[in-house]
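Welcome! Please have a look at the protein below, and then let us walk through it together.

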Amino acid sequence: MVYRIAPSILSADFARLGEEVRAVLSAGADLIHFDVMDNHYVPNLSIGPLVCEALKPHVKVPIDVHLMVKPVDRIVPDFARAGASIISFHPEASDHVDRTIALIREHGCRAGLVLNPATPLACLDFTLENLDLVLVMSVNPGFGGQKFIAGTLDKLRAVRERIDRSGRDVWLEIDGGVKTENIAQIARAGADTFVAGSAIFGAADYAATIENMRQELARSAA
Ligand code: DX5
Ligand code: ZN
């Protein structure tokens, strides 16, 4: 199993964002998770395509854009141009989910669908065959530093089963409350891609934190 660690820059020091991104990259980040909030779909406001474009020359790994915006479609081409590799969105934020998935792929990005804690798995019916990633939220979207919702583990197991049944290479990403202490358990439930904001940016040593997470992941696989 290939595991990927995706630091969420939402918890970075925004006054030193470039430096923070370079620091997590040299600490071993596999992706940069980029949280976009619009103060409409979620009650918070974060960063947009201009910031993505500014960071892009400094980022040699894929930029994993998590759109918490409504509507979705208008902003997709902007993020593709700004250097996103993966664009994920919430089905509740799009009137035409299949169209949004197609739009993301037409713009050369990988497409992800995000399941909120209360979103049923039915939204994967007729979409999974066109997805590159499923992002399971283990907190309600809008803020970093929240507690992992335990019931998410059952949901991860159910999504993992559906992905395996599809026979396709779809990444299963988890977002919210991921720490060194719970990452092994989350991996055992089926996730392969781990977003961590406060656990990494809140630590004194980013490299040691990512290394500890990798050790926990290796242990979970053994
Ligand atoms: C929440 C965001 C997350 C957040 C995770 O809406 O999607 O990516 O930054 O933060 P932590 O890891 O602190 O829960
Ligand atoms: Zn996120």
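Let us begin with H33, which is buried, since its relative accessible area is 0%; here buried means under 20% relative accessible area, exposed over 50% and partly exposed in between, using a 1.4 Å probe and protein chains only. This residue sits in strand β2, where helices (H or I, at least four residues) and strands (E, at least two) are DSSP runs numbered from the N terminus. Between H33 and A6 there are 5.5 Å in space, C-alpha to C-alpha, although they are 27 residues apart in sequence.

Before going on, a word about what you are looking at. This is a predicted model, in which local features need pLDDT of at least 70 and side-chain atom pairs count only at pLDDT 80 or more, while totals for chains, interfaces and linings use all residues. Residues are numbered from 1 along each chain as its sequence is written, chains are lettered from A and ligands numbered from 1 in the order in which they are written, and side-chain values use heavy atoms, with hydrogens and water left out.

Which protein atoms hold the zinc ion (ligand 2) as donors? They are H33 (NE2), D35 (OD), H66 (ND1) and D175 (OD), at 2.1 to 2.3 Å from the ion. Donors are N, O and S atoms within 2.8 Å of the metal (3.2 Å for Na, K and Ca), and sites may look incomplete because water is not among the atoms. Along the chain, the donors are spaced as H-x1-D-x30-H-x108-D. Distant parts of the chain are linked by the pair H33 in strand β2 and H66 in strand β3, 33 residues apart. H66 is buried too, with a relative accessible area of 0%.

Why is the arrangement around the zinc ion (ligand 2) octahedral? Its six donor atoms subtend angles of 69 to 170°. Six donors count as octahedral if opposite donors are over 155 degrees apart and all others between 65 and 115. The ideal angles for six octahedral donors are 90 or 180 degrees.

Finally, consider the cysteines. The model has zero disulfides, a disulfide being a pair of cysteine sulfur atoms within 2.5 Å. C109 is in no disulfide, and the nearest cysteine sulfur, that of C52, lies 9.1 Å away. C109 is buried, with a relative accessible area of 6%, and C123 also counts as buried at 18%.

How values were computed. Four donors count as tetrahedral if all angles lie between 85 and 135 degrees; four count as square planar and six as octahedral if opposite donors are over 155 degrees apart and all others between 65 and 115; anything else is irregular.
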